[in-house]
Amino acid sequence: MISVRRLPGFGIPAGVTTEAKCPLRKALIWACLSSSISRKSGYETPDISANSRKNRHTVTRRTFLGTTLAGGTALLAGGLNWLIPRSSLATTANFIEATIPELQELMSSGMLTSVQLTTSYLERIATFNPLLHAVIETNPDALSIAAALDAERQSGRLRGPLHGIPILVKDNLATADKMQTTAGSLALVCSTVPSDSVVVSRLRAAGAVILGKANLSEWANFRGNTPFNGWSARGGFTRDPYLLSFDPCGSSSGSAVAAATNLCAATVGTETDGSVVCPSGNNLNVGLKPTVGLVSQDGIIPIAHSQDTAGPMCRTVTDVAIMLGVMQSPFGQVTGHMVPSDYTQFLQVGSLRGARIGVDSRYFSHAFGGEHDLVTVAKQGLDAMQALGATLVPTDTGSPANKNFKFYNDEFTVLLYEFKVQIAQYLAALSNTTMRTLADLIAFDVAHCEDEMKFFGQEVFELSEQTSGNLSDPAYLSARADNLLFARTNGIDAALQKDKLDAIVAPTYSFASSLPAVAGYPNLSMPIGLTPEGKPAGLWMYSGFLQERKLIALAYDLEQAIKPRTQPQFLGSVPPEPPDAGICATLTTAAALKLVNGKAQISHHIGTGKPFTP
């Protein structure tokens, strides 16, 4: 075991406790930082010593560290006060579990400064991250940014609804600062992005403090056939704070865990299929995957333009509405459509009264990913919706298992083709790296197998490399066309129209994420409660093109009625690391899997990672 000496401004990499086992990670990061460390300022990393590390697995049940913050001067934030229950204003001096409007009220009243809030979140990261591995690194300039925002507030300038609010973003959103953007992979350590991603730029413009980068399933779960979620070579294994042995889901694992554990005010994740809604569901968060085209993809490490989108992951529907309004940056098919500038206007109690909610029963079954204990909790959510005046309507969006899971195979094929093209486009814009193509990434993993492929391989990378790299390829075009016909025309659109539905619901951690993912339609994860064992569970609600406002309204009404949010208690214990997969001992350059007539077959659900059952 090693002790990590203090590094000014280095932040706190979640993988710091395993660097002794990962010499490449240690060497790369330290070499990358050595040339610039003297220029960095801000947060000094706490000494995470061997004594503190050796006890990290003994923490099996923790209560939150509530710190009352006082002092500082500020002016009225304005604009969001109506979202704060009057009864809570006098008791929200504790920042734990506070919503964005509540935090703004504290800062506008002078009871809290952004520097104090940012410091408190950094302290919580230092406390909980060695156990949870939710954060890859913190922003060394976070405190200086917070101080500048405090000064702006004192002078009467407010940038927007996130002024002074600390936000964590997933480590695949480019930040043109002193932090890395790597998708959790060692291959991109030290690379330099040309600019902030559009999403990060909009967060900064709204006044956010970019607190750090959240851990994730490496390459957003698109490298190999991994039997688990939430691991990256940089960040280690993300753990679910409610039940430490439960799957945190992915790929936005760290974003979900960080929000749930109050390591920040709110987080940003990304989704291609399930990567916002699944970890949100498994961590009792509200997460929204927007319509593809509502939030810019620019500056986000890609998988596939057909399905990729960033989305807010928060503790409340209110915060999701605020974050979506800040993040939205329409492109593609959304361009030219009228979209709300402020989604908080749809936070209305009574929205479920008279609503027609479709229930596709297949996703409540084991064959389509439903798990009995989670489904039981999800059904309590359905009962609550009925009690609030909604009508539950049986609906059928089609069976994706037909023709030997053709729908899922087509989806996988589309992603493989688009990834090869788009990752090369992304890499081409980077400087200070030799990674330019997917083949380069594959070669890097082979050359550094012990660090990157101890637990699983890169079969997905290899399959993508086998594609033609031509998005006019008939195999790609037919797969995409069939996918859209199934998910959009004959699936969600048909069910909404035929049964006159406002939304369709399914249990969290099921296979239901794929339909709205492929269709490019919004999907909102709404927490309902905990199982007797302590697993978070809830409902996914999805609807048609640009129906975010409707989903936010329905979810808010349900949230206000059932108050599902509870703080994590860190139940259970951290499971042992998986065994060495033995890949490096028998490494060959030959691809383990092959495309057949230009198309792929997949044996597990992309959104959850769970295997299909024939």
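## A buried lysine and its partner

Lys535 is buried, because its relative accessibility of 14% falls under the 20% limit for that class. This value, like every other in this report, is computed from a predicted model. The side chain of Lys535 forms a salt bridge with Asp373, and the closest N and O atoms of the two are 3.2 Å apart. Lys535 belongs to the loop between strand 12 (523-530) and strand 13 (536-542), whereas Asp373 belongs to helix 11 (residues 372-387), so the bridge ties together parts that are 162 residues apart in sequence. Asp373 itself is partly exposed, with a relative accessible area of 22%.

Side chains of opposite charge can pair when their charged atoms come close.

## Further salt bridges

The count of salt bridges in the model comes to 20. One of them joins Asp482 and Lys406, with 3.0 Å from N to O. Asp482 lies in helix 16 (residues 474-498) and Lys406 in helix 12 (residues 402-428), so this pair ties together parts that are 76 residues apart in sequence. Asp482 is partly exposed, with a relative accessible area of 31%, and Lys406 is also partly exposed, at 27% relative accessibility.

Salt bridges can also join into a network, as they do for Glu137, Asp171, Lys213 and Arg234.

## Helix 6 and its covered face

Helix 6 spans residues 198-205, and its buried residues are Val199, Val200, Leu203 and Arg204. Seen down the helix axis, these buried residues fall within an arc of 135°, so they line one face of helix 6. Just after helix 6, Gly207 takes a positive phi of about 100°.

Arg204, one of the buried residues of helix 6, carries a charged side chain. Its partner is Asp177, with which Arg204 forms a salt bridge whose closest N and O atoms are 3.1 Å apart. The pair links distant parts of the chain, since Arg204 is in helix 6 and Asp177 is in the loop between strand 2 and helix 6, 27 residues apart. Arg204 has a relative accessible area of 19% and is therefore buried, while Asp177, at 26% relative accessibility, counts as partly exposed.

## Enclosed spaces

The model holds six cavities of 30 Å³ or more. About 120 Å³ of space lies in the largest cavity. Its lining consists of 16 residues, and those nearest the centre of the largest cavity are Thr270, Thr272, Ile300, Ile301 and Asp308. Strand 6 and strand 8 each supply at least two residues of this lining. By class, the lining of the largest cavity has six nonpolar, seven polar and three charged residues.

The second largest cavity has a volume of about 70 Å³. The residues that line the second largest cavity are Ala220, Asn221, Phe222, Thr272, Asp273, Ser275, Ile303, Leu415 and Ile606. These divide into five nonpolar, three polar and one charged. Thr272 is named among the residues nearest the centre of the largest cavity and also in the lining of the second largest cavity.

How values were computed:
Residues numbered from 1 in each chain as written. Predicted model: local features only at pLDDT ≥ 70, side-chain atom pairs only at ≥ 80, totals over all residues. Heavy atoms only, no water. Buried < 20%, exposed > 50% of the residue type's maximum accessible area, 1.4 Å probe, protein only. Helix = DSSP H or I, 4+ residues; strand = E, 2+ residues; numbered from the N terminus. Arc of directions from axis to C-beta. Salt bridge = Lys/Arg side-chain N within 4 Å of Asp/Glu carboxyl O. 1 Å grid on protein atoms, 1.4 Å probe; cavity = no way out; pocket = protein on both sides within 12 Å on 5 of 7 lines; lining within 4 Å. Points joined across faces, edges and corners; volume = space filled by probe spheres on them.
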